[in-house]
Amino acid sequence: MDFLLSISPIVIILLGMTIFARSGFLMSVLAWIFTFFLALVFFKTPFDVCLNATIFGILKSLSISLAVLFTMLLIFIMKITKALDSIAYSLKNICKTREEQIMFLGLGFGSLATSLGVVTPALFPPLLLTLGFAPVTAIAISVLCYDPLTSFALLSIPITVPSEVAWQAFKIQPQGISDLNYFINAFTLNISLFLPFISVGFAFMMLYFVDGIHSIKKGFLSALLSGLVLGLSCLVLSITKIFPVQIIGTISGFVTMIFVIIYQKNINSKKNETSIETEKPTMPILRAISPWVLLFLFALVTNLPGFNKFLSDLPGKYEIITLYKNQTVDLNILSSIWFWIMITSILSIFLLKPTKEQLFSTINLWLKRSFSPFVAYSICFSIAMIMAWSAMSSNSGILAPSAYYSSFNMDRIIAIKIAMLSGIVFTTLIPYLGLIGSFIGGSETASNVFFAKILYESVKSVGYENYFMIIFGAHAVAGGIASAITPAKITNAAMTIGCSGKEESEFMKKAILPVIICTLLTGIILTIFIACGIK
């Protein structure tokens with residue numbers, strides 16, 4: 001009973017979006033109300049803890065929710081000034097078929113943009129519509145292209161932050177690992193081991209949402225090779241350690257883009273594929289992409305280790321918010337990608353030069369459409385925090401587990417029920433813990449952080465302590481897979497092009513089964529790795 005109640009917020013969201021065709025925004029709000037009540041009444045959580053967990057979740061989500069907010073403003077400015085028309089025209093000349101446009105834009109450029117911290121569900125839908133794709137396809141590709149390298153998003157924050165938390169806060173030092181950098185590198189490698197398989201899977205999922213089996217058949221070789229290039233390049237870079245972990249995803253995305261161009265020009269051109277003729281836009285391509293170039297430069301420069309720390313420390317205590325003595329949020333305003341997306345959006349007004357009427361129209365559209373995604377991201381984080389803090393209490397201003405924690409913490413209950421499984425069943429199904437965590441919180445980072453300690457305890461309880469790093473890697477990969485069905489991302493993509501719950505529901509219905517299968521595949525691969533002694 002306690003397990004069913006613990007996962008009930010997920011059930012509510014899934015049923016609402018699939019059966020009743022309600023938006024991710026509405027279902028996230030309803031799930032938050034239900035989770036708040038559930039934690040308060042059944043899971044023995046004081047009201048102040050539930051309330052502060054909600055506030056904490058909203059504050060922690062700002063790095064993503066504000067990035068979404070200003071990315072939508074940027075893309076609306078680019079759309080109304082016809083910059084997207086120019087980009088679409090150039091892209092059609094580079095990649096002649098729709099299938100290769102998806103490989104270049106979705107798998108390659110999407111992975112690169114995600115790794116730099118750009119939120120693709122807010123960036124890509126208008127461009128995909130301009131390219132001629134259907135609304136549901138635009139939503140699907142925008143969400144799916146965030147997934148293959150989710151672990152390397154925001155310059156690998158889903159890897160580095162959970163590693164630091166697991167190492168410093170939870171004192172997790174498995175398999176004789178006694179150095180934080182070694183932990184980060186080991187975690188990166190154990191994630192990358194799965195990526196050649198998962199990247200290919202997502203390449204085929206993208207094609208499926210273009211034109212079903214027909215597109216898979218037509219773009220089979222392109223998807224297979226592009227997925228392998230993306231996944232294997234990550235694996236090679238993780239093994240060789242030529243570059244820092246933070247830029248592995250960026251390099252792999254760029255390499256995949258180059259591969260797709262070479263493939264198209266030297267192999268597929270023999271088929272004499274032709275693109276649909278369109279009128280050449282008036283805006284030069286360099287001017288059209290100038291906001292993106294500027295944003296990518298900002299992302300790279302501001303994430304240089306020394307400069308990033310300087311920006312983070314600059315506001316000092318003025319950007320730190322304390323809810324409990326041991327629970328604070330450092331907003332890191334100047335070092336967050338959302339701040340530089342905001343700056344880029346402002347500068348794009350001068351670069352793209354919209355008329356006064358166009359600018360007012362854009363701002364009105366932005367204010368109308370950005371509210372739902374912003375709230376959805378915030379609320380999903382709040383749900384995750386309520387679950388993580390359930391059965392905890394505050395004493396003298398310090399948040400700590402209560403006497404009920406071991407039996408009534410929602411995250412712990414979910415993990416323990418999975419841990420009760422043993423042997424092959426355990427290793428096959430344990431990645432679903434990452435899927436659940438990321439689905440609820442809307443973030444792989446949150447899933448990796450919240451479940452690190454619980455996962456470690458579960459792994460120890462079944463005698464797999466020596467395999468913790470590869471299991472943690474599978475957990476992270478499954479969290480990335482879950483990004484395909486997180487309500488906040490789906491709502492974000494839909495609202496960017498003005499779609500409703502109907503399109504969100506249509507995508508969710510089609511995406512659930514592939515996501516479940518990909519997670520199961522991750523579990524099967526994990527089982528094989530453990531059987532082969534890979535740690």
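A pocket is an open set of points, on a 1 Å grid over the protein atoms alone, with protein on both sides within 12 Å along at least five of seven lines. A cavity is a set of such grid points where a 1.4 Å probe fits but cannot get out. Lining residues have an atom within 4 Å of a point. Grid points are joined across faces, edges and corners, and a volume is the space filled by probe spheres set on the points.

The model is predicted: local features need pLDDT of at least 70, side-chain atom pairs count only at pLDDT 80 or more, and totals for chains, interfaces and linings use all residues. Residues are numbered from 1 along each chain as its sequence is written, and side-chain values use heavy atoms, with hydrogens and water left out.

The second largest pocket has a volume of about 420 Å³. It is lined by 19 residues, and F104, F109, M257, I289 and W292 are the closest to its centre. Helices α4 (83-94), α5 (98-115), α13 (248-266) and α14 (285-302) each supply at least two lining residues. Helices here are DSSP runs of H or I, at least four residues long, and strands are runs of E, at least two long, numbered from the N terminus. The most comes from α14, with six residues. The lining of this pocket holds 17 nonpolar residues, two polar and no charged. Ala, Val, Leu, Ile, Met, Phe, Trp, Tyr, Cys and Pro count as nonpolar, Asp, Glu, Lys and Arg as charged, and the others, Gly among them, as polar.

Four cavities of 30 Å³ or more were found in the whole structure. The largest cavity has a volume of about 50 Å³. Its lining consists of S63, I64, A67, T114, G117, V118, V119, Y146, L154 and I337. Helix α3 (residues 47-80) gives the largest share of that lining, three residues. Seven of the lining residues are nonpolar, three are polar and none is charged.

Helix α22 covers residues 444-461. The expected span of a helix is 1.5 Å times one less than its number of residues. Even so, α22 has a kink of about 50 degrees, centred on A452. The bend at a residue is the angle between axes fitted to the seven residues ending there and the seven starting there. Of the 18 residues in α22, 13 are buried; buried means under 20% relative accessible area, exposed over 50%, and partly exposed in between (1.4 Å probe, protein chains only). At the start of α22, a side-chain oxygen of S443 comes within 3.1 Å of the backbone nitrogen of T445. Just after α22, G463 has a positive phi of about 80 degrees.

Two residues other than glycine also take positive phi values. A21 has a phi of about 55 degrees. A21 sits in the loop between α1 (2-18) and α2 (24-41), and is partly exposed at 33% relative accessible area. For N332, phi is near 45 degrees. N332 belongs to the loop between β2 (327-330) and α16 (337-352), and is partly exposed at 23%.

F204 lies in helix α11 (residues 195-218). F204 is buried, because its relative accessible area is 18%. F204 and L69 are 30 Å apart in space, C-alpha to C-alpha, and 135 residues apart in sequence.

Key:
A polar contact is a pair of N or O atoms within 3.5 Å; within protein, one must be able to donate a hydrogen and the other to accept it, and residues adjacent in sequence count only if both atoms are side-chain atoms.
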